[in-house]
Amino acid sequence: MLASSALDAFAFGREAAASLGIAPARTELTLFTVTALTTAVLVAASGAIGFAGLIVPHAVRALAGGRHHVLLPACALYGGVFLLAADTVARTAFAPREIPVGVLTALIGVPAFALIMRRRKETPS
């Protein structure tokens, strides 16, 4: 949330961000480092449910728009709801057996991520 205005500026490119008074190299390095460390800690603590973190922001952006001060809290909320729903399905779909929630998120996330990557590849830059 602290970097939401910088992220909004980066949506228009590095040059536009620099013209708005943001140091692109330093800001990118800081954000990439914080993001990588946070992701490493979360994956170490919760396991391989990472597809939620790859897919939910794309879905939420379609619903909430691109403004990061709205998008970031919405991603946290919808990510939690998605994982709660996935965990509920993983525990009840094959009762009395449970499947790991990471398996279910991967079954949902891999095709969705492939679709996103395919669309991005087809869209001219």
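Let's start with T27: setting aside neighbours within four places in sequence, T27 is in contact with A6, F10 and I22, where contact means heavy atoms within 4.5 Å. T27 sits in helix α3, which covers residues 24-46. At 15% relative accessibility, T27 counts as buried; the cut-offs are under 20% relative accessible area for buried, over 50% for exposed and partly exposed in between, with a 1.4 Å probe and protein chains only.

A word on the model: it's predicted, so local features need pLDDT of at least 70 and side-chain atom pairs count only at pLDDT 80 or more, while totals for chains, interfaces and linings use all residues. Numbering runs from 1 along each chain as its sequence is written, and side-chain values use heavy atoms, with hydrogens and water left out.

Zooming out, the protein has six helices and zero strands, giving the pattern α-α-α-α-α-α along the sequence. Helices here are DSSP runs (H or I, at least four residues) and strands are E runs of at least two, numbered from the N terminus.

Here are some whole-protein values:

| Property | Value |
|---|---|
| Box filled by C-alpha atoms, along the principal axes | roughly 60 × 35 × 20 Å |
| Buried share of the 125 residues | 21% |

As for contacts with a separation of 6 or more, residues 24 or more positions apart account for 44% of them.
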